[in-house]
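The sequence and the model are shown first.

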Amino acid sequence: MPICIFDSAYMTSNVPESPAADAPAMPMAEAAKTVPPVDTETPVMAAGDPTTPNTQATSQQKRGRGQRGGQGGARGAQQNRQGGGGGGAAARQHPMLDQLAALYPALFGETLLPLKRGIFQDLLAAQPEALDKDSLKAALALHTRSTRYLTVVASGQQRHNLAGEPVEPLAPEHVHHALIEVFRRRGARSREDLRPKMRQRIAVAFEASGLSRDAYLELVSGKDEEVNQITKDGVEEAATRLAKDEALLRTFEASGKNLNEFADMYGLHVLDANRTLERAKLRRDQVAALALAEASAAVANLDE
């Protein structure tokens, strides 16, 4: 089940950020190094790697001239769809992103989707005459480092193929790393202490992963100790809540009562009781499914 991690308040920029513009308000150096590429076969350029010196100033000048001529609005809207809005969008926009949006609007259009691993090879195979290999690499590098795309990854949706169909889940560490990077970029522009909100989103991502506390922390921990501590705090909060939910579910199952009777017996509103029980059931199913997948993988490895 996809998780909704960011509201519109966190979608303030849609382009890859340059190192200078992204000097974080709090030390999160590791996050910048760990944002997952779209697939391991595609070389990914550094986030916000400018194509020319002083690209932001150049972009602003061009945008200002376009607006004075009455043409800036449409061009800016197109850049927002693909490169992502904000200073430097024109310079960072790659022409092939417009081509990809025309060919695959479900993946690269107004609304983005996480891309399946190996999408680079899939695109070349599907459009051998239309897509240049080197240009495609550069376009995908910009696309997968953009804040728009990272925000979608952080939401926890599944990866999608060229037909726009969900085909595989995102790895929990990819969701976590994207989440941290989006907050890091937001923190560079905000005077607000975003750590409490980041901790809450990490808690939601942990719950959706189906992993145990220790397994999740081992998977996502990096070299940035501040990020590690925020992650640990969020996971601890979620783990405590999950334990209470599971205890309530077990009590309900052992009580022999229906939902209304159980809620009344424990002084709970029936909607609150139902919400908690359903959440506990979902978590139980996630843990069971993960255990089954791990067992199947272990058997497959033995057979090999």
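## Basis of the report

The model is predicted, so local features need pLDDT of at least 70 and side-chain atom pairs count only at pLDDT 80 or more, whereas totals for chains, interfaces and linings use all residues. Residues are numbered from 1 along each chain as its sequence is written, and side-chain values use heavy atoms, with hydrogens and water left out.

## Overall make-up

The chain has 15 helices and two strands; these are DSSP runs numbered from the N terminus, helices being H or I of at least four residues and strands E of at least two. Of the 304 residues in the chain, 43% are buried. Buried means under 20% relative accessible area, exposed over 50% and partly exposed in between, with a 1.4 Å probe and protein chains only.

## Aromatic pairs

Three aromatic pairs are present in the structure. Rings of Phe, Tyr and Trp (its six-membered ring) pair if their centres lie within 6.5 Å; planes under 30 degrees apart count as stacked, over 60 as edge-to-face and the rest as tilted. The pair of F206 and Y216 is edge-to-face, because the ring centres are 5.4 Å apart and the planes stand at 65 degrees. F206 belongs to helix α11 (residues 195–209) and Y216 to helix α12 (residues 213–220), so this pair ties together parts ten residues apart in sequence. F206 is buried, with a relative accessible area of 1%, and Y216 is buried, also with a value of 1%.

F252 and F262 form an edge-to-face pair, since their ring centres are 5.1 Å apart and their planes are at 75 degrees. Both F252 and F262 are buried. Ring pairs join F252, F262 and Y266 in a cluster.

## Salt bridges

The whole structure contains 17 salt bridges, each a side-chain nitrogen of Lys or Arg within 4 Å of a carboxyl oxygen of Asp or Glu. R199 and E237 meet in one of them, at 3.0 Å from N to O. Because R199 lies in helix α11 and E237 in helix α13, this bridge ties together parts 38 residues apart in sequence.

Another salt bridge joins the side chains of E253 and R284, at 2.9 Å from N to O. This pair links distant parts of the chain, with E253 in helix α13 and R284 in helix α15 (residues 270–303), 31 residues apart. E253 is partly exposed, at 46% relative accessible area, and R284 is partly exposed at 31%. Together with E246 and R250, E253 and R284 are linked in a network of salt bridges.
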